[in-house]
Amino acid sequence: WSGWEGAPYSTLVPSDEVTINYRHGLPVITLMLPTRSERCQFTVKPVVTTVGAFLQDVQREDKGIERAEVFATDGSKVSDATLMEVLLMNDFKLVINNTAYSVSPPVKDKLSSEHATEMEDIKSLVHRLFVALHVEDHQIRKERELLQKVDDLKGELLPLEQMKARIMDSADAKTSRLLWVGLALMSTQGGALAWLTWWVYSWDIMEPVTYFITYGSAMAFYAYFVLTKQDYIYPHAKDRQFLHYFHRKSKKQHFNVERYNKLKDDLAEAEESLRRLRQPLHLRLPIQEISDKD
């Protein structure tokens with residue numbers, strides 16, 4: 001023991017100074033308190049009590065204890081989060097101040113299959129009771145977190161929404177002007193062809209001209225399909241031109257479209273999680289699992 005790093009002490013006490021007995025199925029650890037010079041018994045619940053909780057109880061009982069640790073027989077320190085049920089399966093060393101106690105827990109008789117099943121049922125019942133008593137607090141805490149997240153996201157989105165509205169109005173106005181310009185050009189072309197046909201030339205001369213104009217229009221529509229992989233449908237063409245103006249205007253005004261879309265997705269996800277969380281709170285039903293989106 002004197003060679004262990006991080007566990008210096010001056011006295012190694014025999015195992016009879018710390019005894020462990022089972023009473024009504026629970027382990028009772030009896031040890032000598034160093035400053036009070038009296039033996040004290042600690043009844044632990046091995047299924048729920050951790051090593052750290054047991055050591056805190058010992059220090060709370062004797063204020064003169066400055067150091068309380070548990071080591072395995074190979075010298076490694078036992079974590080405070082380890083359950084006492086695991087610790088009591090093997091021998092261990094209990095170090096209090098500068099005194100080390102060698103502890104050998106008694107070997108429990110193996111439970112019968114029926115008794116083991118009964119114990120598992122009891123553990124499951126205790127777990128369900130714990131969840132039932134604490135799930136509402138967890139739901140309320142989660143609801144507050146989601147409400148705070150929704151408020152934060154709405155605060156970030158507000159200036160972006162205002163900027164987006166201005167850009168959309170500008171893009172819509174430009175798209176509308178382009179449509180009216182297209183109508184004006186088509187009207188002008190029709191009037192020019194009529195004037196050339198009836199007042200300047202005859203139909204025999206203008207017929208080849210109108211043919212090539214129609215063929216050129218067909219080539220333009222086909223070129224649109226080649227470039228966009230879409231048919232030239234007026235509503236689709238209008239939406240495409242609107243997006244063109246929108247993104248060009250966004251770039252000029254430094255409007256981050258990707259960040260805006262990310263915030264909108266996060267807000268929708270938070271609101272959906274909040275809706276699913278509130279439903280069982282109002283109806284007193286088991287909470288639905290909320291899966292995180294990648």
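**Salt bridges up close**

Tutor: Seven salt bridges turn up here, counting a side-chain nitrogen of Lys or Arg within 4 Å of a carboxyl oxygen of Asp or Glu. Bear in mind that this is a predicted model, where local features need pLDDT of at least 70, side-chain atom pairs count only at pLDDT 80 or more, and totals for chains, interfaces and linings use all residues. Residue numbers start from 1 along each chain as its sequence is written, and side-chain values use heavy atoms, with hydrogens and water left out.

Let's start with Arg67 and Glu69, whose closest N and O atoms sit 2.8 Å apart. For burial, the cut-offs are under 20% relative accessible area for buried, over 50% for exposed, and partly exposed in between (1.4 Å probe, protein chains only). Arg67 is buried because its relative accessible area is 18%, and Glu69 counts as buried at 18% too.

Next up is Glu156 with Arg259, at 3.2 Å from N to O. This pair ties together distant parts of the chain: Glu156 belongs to helix α3 (residues 113-200) and Arg259 to helix α6 (residues 257-283), 103 residues apart. Helices here are DSSP runs of H or I with at least four residues, strands are E runs of at least two, and both are numbered from the N terminus. At 34%, Glu156 is partly exposed, and Arg259 is partly exposed at 38%.

Helix α6 also holds the pair Asp266 and Lys262, which meet at 2.8 Å, N to O. Why are they about one helical turn apart? Because they lie four residues apart in that helix. Asp266 is buried at 19%, whereas Lys262 is partly exposed at 48%.

Now for the strand. β3 (residues 26-33) has six of its eight residues buried, so the rest of the structure largely encloses it. β3 pairs with β2 (residues 19-23) in the antiparallel sense over five bridges, pairing being called when DSSP finds at least two bridges between two strands. Across that pairing, Tyr22 stands opposite Pro27. Two residues separate the strands in this hairpin, and His24 takes a positive phi near 55°.

β3 also pairs with β4 (residues 38-43), again antiparallel, over six bridges, and Thr30 has Gln41 as its bridge partner in β4. This hairpin has four residues between its strands, with Ser37 in the turn at a positive phi of about 55°.
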